[in-house]
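Subject: Structure handover, aromatic contacts

Hello,

Here is the structure for your files. My notes on its aromatic rings follow below.

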Amino acid sequence: MSKSPQISEAEYEVMNIVWKYEPISTPEVVEKLSTEDFDWKPNTIHTMLARLVKKKALHAKKSGRVYIYTSLVEKHEYIEQKSKTFLKQFFDGTLNSMVLNFIENDKMSNEDISELQKILAARENKGGDK
């Protein structure tokens, strides 16, 4: 996996739109991010799209009077890399430390713990260390 570019939280929201709808034009991105959830101005969105192109997270191709965007970074790869960075930064790189932290600080409900147990049991039944 190649190193993904550093993107801000706001840029990540733009990337989510592109990942979901790509290929997608500038007006379509603007429309999807001009909702009540975001209420971003078109100039802000254009700036973020330009930054993401500059960071090589997006590819822009001119089509008539608009640009069409496609991602240069796979969503699952970006999430995997960010997850590893998060674990390394806050939990010495171990998932066990993170889960233990959530359990000890009552951040996991009984439902969450039950779901985690099911996931682990299914993983164990598959035979697996990955």
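The count comes to six aromatic pairs, where rings of Phe, Tyr and Trp (its six-membered ring) pair if their centres lie within 6.5 Å. Planes under 30 degrees apart count as stacked, over 60 as edge-to-face and the rest as tilted. Y12 and Y78 are stacked, because their ring centres are 5.8 Å apart and their planes stand at 25 degrees. This pair links distant parts of the chain, 66 residues apart: Y12 lies in helix 1 (residues 9-21) and Y78 in helix 4 (residues 75-91). Helices here are DSSP runs (H or I, at least four residues), numbered from the N terminus.

The model is predicted: local features need pLDDT of at least 70, side-chain atom pairs count only at pLDDT 80 or more, and totals for chains, interfaces and linings use all residues. Residues are numbered from 1 along each chain as its sequence is written, and side-chain values use heavy atoms, with hydrogens and water left out.

On accessibility, Y78 is buried at 6% relative accessible area. Y12 is partly exposed at 23%. (Buried means under 20% relative accessible area, exposed over 50%, partly exposed in between; 1.4 Å probe, protein chains only.)

Next, Y67 and Y69. Their ring centres are 6.5 Å apart and their planes at 40 degrees, so the pair is tilted. Y67 is partly exposed at 37%, while Y69 is buried at 7%.

Two more items. Ring pairs join Y12, W19 and Y78 into a cluster. The charged end of K32 sits over the ring of Y21, 4.2 Å from its centre (NZ of Lys or CZ of Arg within 6 Å of the ring centre and within 35 degrees of the ring normal).

Best wishes

Methods:
Helix = DSSP H or I, 4+ residues; strand = E, 2+ residues; numbered from the N terminus.
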